[in-house]
Amino acid sequence: MAKQKWDSRYSTGIERIDHDHRELLALIDRIHDMFVQGRYGKSDYLGVLESLSDYVAGHFAFEEKWMAEHNYPGLSEHRLDHERFSREVSKAVDSFKNGVGGLTLTLLTFLKVWLISHITVLDADLGRFDRERCGHASVIGF
Ligand SMILES: [Fe+2]
Ligand SMILES: [Fe+2]
């Protein structure tokens with residue numbers, strides 16, 4: 001499975017969100033490298049998964065606040081998808097803590113596929129919404 005590098009099609013045009021997405025992709029890249037190299041222990045995996053969990057918590061909170069502040073109509077659907085990811089990551093963290101987890105290809109694939117599809121579908125909609133909102137605001141003279 002290939003590493004997931006930043007691509008311009010991931011850009012939403014909302015600076016803080018794009019910055020966070022770059023960081024998230026870099027974190028998942030790190031997990032990918034650890035998986036491929038296979039020379040890390042459970043505590044390393046746990047550490048990187050906890051970093052991912054902390055980072056997404058801050059990122060999701062920012063996006064959800066942004067959506068609420070801008071009366072974004074898709075907030076509930078978007079939040080549900082965030083919750084799905086957070087649930088999977090915390091399940092993985094818990095199983096590592098309980099000594100039953102391993103960094104599997106299934107987990108790595110889920111992290112990558114979820115992140116890319118979320119960024120290119122639901123987060124991309126935030127960018128479109130923002131562009132339309134700004135375009136409209138400038139036309140009517142705000
Ligand atoms: Fe999102
Ligand atoms: Fe996002």
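**View 1. Asn71 counts as exposed because 9 C-beta neighbours lie inside 10 Å.** A residue is exposed if 12 or fewer other C-beta atoms, placed from the backbone, lie within 10 Å of its own, buried at 20 or more, and partly exposed in between. Asn71 sits in the loop between helix 2 (42-69) and helix 3; helices are DSSP runs (H or I, at least four residues) numbered from the N terminus. The phi of Asn71 is near 50°, a positive value in a residue other than glycine. The model is predicted, with local features needing pLDDT of at least 70 and side-chain atom pairs pLDDT 80 or more, while totals for chains, interfaces and linings use all residues. Residues are numbered from 1 along each chain as its sequence is written.

**View 2. Helix 2 packs against helix 3 at an angle of about 165°.** The axes, lines fitted to C-alpha atoms over the stretch in contact, are 10 Å apart. Helix 2 is therefore roughly antiparallel to helix 3, a term for angles over 145 degrees between N-to-C directions, on a scale from 0 to 180. Residues in contact (C-beta atoms within 7 Å) include Leu49, Val56 and Phe60 of helix 2 and His78, His82 and Phe85 of helix 3.

**View 3. Confidence in the protein chain is lowest in helix 4 (residues 105-139), at a mean pLDDT of 89.** pLDDT is the predictor's confidence in each residue, from 0 to 100. Helix 3 (residues 75-97) has the highest confidence, at 95. Over residues 138-142 pLDDT stays under 50, and the model has one contact beyond four places in sequence for them. Where pLDDT is low, the predicted coordinates should not be read in detail.

Note on methods. Chains lettered and ligands numbered in written order. Helix = DSSP H or I, 4+ residues; strand = E, 2+ residues; numbered from the N terminus. Contact = placed C-beta atoms within 7 Å. Parallel < 35°, antiparallel > 145°, perpendicular 65-115°, else oblique.
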